[in-house]
Amino acid sequence: MSDLHCPATLLLAPYDAIGEPTEEGSRRLVERTAAERVSRVYAGTRAEAVQTTRLMSSGGLAAPAELRAELDIEDVSGELQAIADLHRGETVLVVLPGPSVERALDALVGRRVWLRSNPSMQYGSVVEVSTDADGWTLRTRVAPTDSVP
């Protein structure tokens with residue numbers, strides 16, 4: 001199947017924008033991603049990322065998790081592209097520091113699009129991006145206070 005028919009969808013979830021991960025925030029992430037058929041969860045190796053991943057797993061997220069030190073750096077746009085290349089036609093959840101999500105969005109979808117959408121990088125937020133032959137697209141955002149559809 002061609003690249004055009006198999007976009008990769010990444011759900012970017014910041015973990016450190018409001019402090020230490022909580023069961024409530026992790027529960028919200030599980031609820032927000034329940035309908036997405038997440039095939040894998042990626043997270044960095046920092047304590048907050050590991051804790052968020054564990055809380056999500058104990059909260060009902062069934063997708064296998066993979067910890068990658070490459071997701072601990074500030075500019076993760078290259079690593080997100082590598083993850084997307086591995087998961088064409090799938091949806092994956094990537095747990096990142098809030099500043100890394102912001103920087104990646106600047107690099108992948110462009111500063112103008114990013115500033116216009118102005119998503120809230122709070123724990124419990126999810127930002128959905130996809131990529132295909134035409135490049136990256138900012139699809140949706142859900143702040144922690146938004147209701148789950």
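Me: What should I know about the model before reading the labels?
Reply: It is predicted: local features need pLDDT of at least 70, side-chain atom pairs count only at pLDDT 80 or more, and totals for chains, interfaces and linings use all residues. Residues are numbered from 1 along each chain as its sequence is written, and side-chain values use heavy atoms, with hydrogens and water left out.

Me: Why is Gly 60 called exposed?
Reply: Exposed means over 50% relative accessible area, buried means under 20%, and partly exposed lies in between (1.4 Å probe, protein chains only). Gly 60 has 52% relative accessibility, so Gly 60 counts as exposed. Gly 60 lies in the loop between α2 and β3.

Me: Why does Arg 68 count as buried?
Reply: Arg 68 has 14% relative accessibility, and therefore counts as buried. Arg 68 sits in the loop between β3 and α3. Contact means heavy atoms within 4.5 Å. Leaving aside neighbours within four places in sequence, the contacts of Arg 68 include Tyr 42, Glu 79 and Ile 83.

Me: Is Arg 37 buried or exposed, and how do you know?
Reply: Arg 37 has a relative accessible area of 76%, so Arg 37 is exposed. Arg 37 is found in the loop between α1 (23-33) and β2.

Me: What makes the phi of Arg 37 worth a remark?
Reply: Most residues other than glycine have a negative phi. Arg 37 is not a glycine, yet has a positive phi of about 55 degrees.

Me: How do you know that β2 and β4 pair?
Reply: Strands are DSSP runs of E of at least two residues, helices are runs of H or I of at least four residues, and both are numbered from the N terminus. Two strands pair if DSSP finds at least two bridges between them. Strand β2 (residues 38-43) and β4 have five bridges, in the parallel sense. Val 41 has Leu 93 as its bridge partner in β4, and Val 38 stands opposite Thr 91.

Me: What makes β4 mostly covered?
Reply: Six of the six residues of β4 are buried. Thr 91, Leu 93 and Val 95 point one way, while Val 92, Val 94 and Leu 96 point the other way. In a regular strand the side chains alternate between the two faces of the sheet.

Me: Why is a group of residues called a nonpolar core?
Reply: The name is used because the group is a set of buried Ala, Val, Leu, Ile, Met, Phe, Trp, Tyr and Cys residues joined through side-chain atoms within 4.5 Å. The largest nonpolar core here has 21 residues, and Leu 10, Leu 12 and Leu 80 are among those with the most contacts inside it. The helix α4 (98-109) is one of the elements that give two or more residues to this core. α4 gives the most, with five residues. Apart from this core lies another of 15 residues, including Leu 11 and Val 41.
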